[in-house]
Amino acid sequence: MGSRTGRPPRLSRAQIVAIARELIETHGVEALTMRRLATELGVTPMAVYHHVRDKDELLLLLLDEAATGMQRPDLPDNPREQLIVAALAMHDTLARVPWIVEVLTADDLFSPAALWYPETIIDAAMTSGLTADNAVHAYRTVWYYTIGEILARASATRRRATDTRATFREQTFANIDSAELPRLAAVADRWAKLTEMDTYEHGLRALVDGLLTRL
């Protein structure tokens with residue numbers, strides 16, 4: 001994305017948010033600085049600060065924008081299924097904008113509009129018999145599983161898009177020692193395909209079953 005030349009006739013908060021989102025989606029969260037944003041807009045940093053206080057406020061505006069577009073699915077009657085449906089909706093929403101996960105995990109920032117997800121998951125866990133404390137622990141476990149899957153998949157997708165060379169893992173699996181590692185050798189030729197499969201829901205259901213039983 002090249003810098004824009006000339007000062008816009010009117011600089012608005014909506015325009016700032018739009019270019020900030022474009023900058024993040026193209027270059028990543030770390031690329032977003034107020035100075036670089038001003039360059040992209042063709043204005044001085046002070047012109048940007050007139051509309052947003054700092055980078056944190058800008059990120060909160062981006063989070064709010066994404067949260068207002070989140071879909072709240074219809075929930076089934078069974079509390080276990082409520083938990084799973086809410087977690088699936090949270091995952092699908094974040095997977096479409098994985099940069100948000102980077103913001104949520106790097107800083108103490110979140111959109112209050114997105115609190116429906118933890119509220120629903122915790123409520124479903126408590127209705128299933130967990131205490132409030134254990135329901136929070138269950139939610140955090142589901143959250144870590146969710147963001148881990150999203151970040152790993154997003155990272156792999158970015159790498160494949162920019163580098164088509166065989167990865168170190170692919171090279172290693174192509175020459176794996178079947179005598180030393182027989183289980184891995186048996187699936188070595190299918191490893192890439194197997195690990196690219198979307199198994200999030202399968203893992204989520206197993207995780208929820210374990211959490212509701214053990215906690």
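**View A. Helix H5 has 18 residues and reaches 26 Å from its first C-alpha to its last, close to the 26 Å expected at 1.5 Å a residue.** Expected span here is 1.5 Å times one less than the number of residues, and helices (H or I, at least four residues) and strands (E, at least two) are DSSP runs numbered from the N terminus. The model is predicted, so local features need pLDDT of at least 70 and side-chain atom pairs pLDDT 80 or more, while totals for chains, interfaces and linings use all residues. Residues are numbered from 1 along each chain as its sequence is written, and side-chain values use heavy atoms, with hydrogens and water left out. At the N-terminal end of H5, asparagine 78 does the capping, placing a side-chain oxygen 2.9 Å from the backbone nitrogen of arginine 80. Buried residues of H5 include Pro79, Leu83, Ala87, Met90 and Leu94; buried means under 20% relative accessible area, exposed over 50%, and partly exposed in between (1.4 Å probe, protein chains only).

**View B. Threonine 93 sits in H5 (residues 79-96) and pairs with tyrosine 117.** Threonine 93 is buried because its relative accessibility is 9%. The side chains of threonine 93 and tyrosine 117 make a polar contact of 3.4 Å. That term means a pair of N or O atoms within 3.5 Å; within protein, one must be able to donate a hydrogen and the other to accept it, and residues adjacent in sequence count only if both atoms are side-chain atoms. Leaving out residues up to four places away in sequence, threonine 93 touches Met70 and Tyr117, where contact means heavy atoms within 4.5 Å.

**View C. Helix H7 covers residues 116-127.** Its twelve residues reach 16 Å between the first and last C-alpha, close to the 16 Å expected at 1.5 Å a residue. Among the buried residues of H7 are Trp116, Tyr117, Ile121 and Ala125. After H7 comes glycine 129, with a positive phi near 115°.

**View D. Valine 101 belongs to helix H6 (residues 99-106).** With 0% relative accessibility, valine 101 counts as buried. Skip the residues up to four places away in sequence, and valine 101 touches Leu94, Ile147, Ile150 and Leu151. Valine 101 and leucine 151 are 50 residues apart in sequence, yet their C-alpha atoms are 7.4 Å apart in space.

**View E. Alanine 154 is part of helix H8 (residues 132-162).** Alanine 154 is buried because its relative accessible area is 13%. From its C-alpha to that of leucine 211, 57 residues apart along the chain, the separation is 27 Å.

**View F. The largest nonpolar core has 56 residues.** Such a core is a set of buried Ala, Val, Leu, Ile, Met, Phe, Trp, Tyr and Cys residues joined through side-chain atoms within 4.5 Å. Leu32, Leu37, Val48 and Leu58 have the most contacts inside it, and H5 supplies the largest share of this core, eight residues. Leucine 32, not counting residues up to four places away in sequence, touches Ala20, Leu23, Ile24, Leu37, Lys55, Leu58, Leu59 and Leu62.

The protein comes to twelve helices and zero strands. Its C-alpha trace spans about 65 × 50 × 25 Å along the principal axes. Buried residues make up 36% of the 215 residues. Of the contacts with a separation of 6 or more, 70% come from residues 24 or more positions apart.
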